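Please look over the sequence and the model before reading on.

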Amino acid sequence: MGAKEKKALKKNSKKVTSSQLSNDKESADFLPLDGGPRRKLPEQKERRNTATVLYIGRIPHGFYEKEMEAYFSQFGTIKRLRIARNKKTGKSKHYGFIEFADPEVAEVVAECMHNYLLFEHLLQVYLIPPEHVHPKLWKGFNYRYKPLDKVQIERKRQNKERTLEEHKKVVEKILKRGQKRQKMIEAAGLDYECPEIVAGVQSAPKRIKFDED
């Protein structure tokens, strides 16, 4: 090969490498530091938020279902709302769940209301992914729990009319407790006698009527 042919081959090789580099630059996203071929990152699809259920913690006293629904409805449409309550007393456990119709609204509420100061309480608001929502989460969400009045139930139990047999059983229990108490007093070295309990039924004292004057 002559000198002219060698020069022509060098020019052609330079043109090919420059065109390859330009094509690689357009197709590749970055060059590896260790060398080697250029790489292109895989296209990442934007993940759309589908969570519509929010966990709300540290709910202050007095901020219940009606107040929460009136307050959070300014963000968007509320589908369901529930506050965890004690089954016996009906008192709030200071946490609950709320579901919005639009996932974008739920995301905005989580961003705006997290660590929001309300009645000296910092609300804790988190999005719950759909796969982590328990299937029984909304069981009884619209049920207004009314706790039992234990005082009234106990009053009825104590004031009910008893038969003679039931009355005898009650008196026997009282006498047994009195004997046990007397033994404990004697064991402690105290000189004290408990008053005797009359087993009979005493008539109620007559009420004294006073004149209006």
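Glu 154 is partly exposed, with a relative accessible area of 35%, where buried means under 20% relative accessible area, exposed over 50% and partly exposed in between, using a 1.4 Å probe and protein chains only. Arg 157 is likewise partly exposed, at a relative accessible area of 43%. The side chains of Glu 154 and Arg 157 meet in a salt bridge with an N to O distance of 2.6 Å, a salt bridge being a side-chain nitrogen of Lys or Arg within 4 Å of a carboxyl oxygen of Asp or Glu. Because the two residues are three apart in helix α4 (residues 150-159), Glu 154 and Arg 157 are separated by about one helical turn. An α-helix has 3.6 residues a turn, so residues three or four places apart point the same way.

The model is predicted, so local features need pLDDT of at least 70 and side-chain atom pairs count only at pLDDT 80 or more, while totals for chains, interfaces and linings use all residues. Residues are numbered from 1 along each chain as its sequence is written, and side-chain values use heavy atoms, with hydrogens and water left out.

Helices and strands here are DSSP runs numbered from the N terminus, with helices (H or I) of at least four residues and strands (E) of at least two.

Glu 99 also meets the side chain of Arg 80 in a salt bridge of 2.8 Å, N to O, and since Arg 80 lies in β2 and Glu 99 in β3, the pair ties together parts that are 19 residues apart in sequence. Glu 99 is buried, with a relative accessible area of 7%, whereas Arg 80 is partly exposed at 27%. Through shared partners, the salt bridges join Lys 79, Arg 80 and Glu 99 into one network.

## The sheet and its helices

Four strands form an open sheet in the order β2-β3-β1-β6, with antiparallel pairing, two strands being paired if DSSP finds at least two bridges between them. β2 and β6 (124-128) stand at the edges with a single partner strand each, so one side of each is left without a neighbour in the sheet. On average, neighbouring strands are turned by 20 degrees against each other, direction ignored; axes are lines fitted to C-alpha atoms, for helices over the stretch in contact, and angles run from 0 to 180 degrees between N-to-C directions.

Five bridges join β1 to β6, which run antiparallel, and Leu 54 stands opposite Leu 127 in β6. Helix α2 packs on the sheet, touching β1, β2 and β3, and its direction makes about 145 degrees with that of β2. Helix α3 also packs on the sheet, where α3 touches β1, β3 and β6 and its direction makes about 150 degrees with that of β6. Contact means heavy atoms within 4.5 Å.

## Nonpolar cores

The largest nonpolar core has 19 residues, and those with the most contacts inside it are Leu 54, Ile 56, Met 68, Phe 72, Ile 98 and Phe 100. A nonpolar core is a set of buried Ala, Val, Leu, Ile, Met, Phe, Trp, Tyr and Cys residues joined through side-chain atoms within 4.5 Å. Two or more residues come from each of β1 (53-57), α2 (65-72), β2 (78-85), β3 (92-100) and α3 (103-113), and the largest share, five residues, comes from α3.

A second, separate core of five residues includes Val 53, Phe 97, Leu 137 and Trp 138.

## Helix α5 and the whole chain

At 1.5 Å a residue, the 24 residues of helix α5 (residues 164-187) should span 34 Å, and its end C-alpha atoms are 35 Å apart, which agrees; the expected span is 1.5 Å times one less than the number of residues. Val 171, Gly 178, Gln 182 and Ile 185 are buried in α5, and just after this helix Gly 189 takes a positive phi of about 80 degrees.

The protein chain has five helices and six strands, following the pattern α-β-α-β-β-α-β-β-β-α-α along the sequence. Buried residues make up 20% of its 213 residues.
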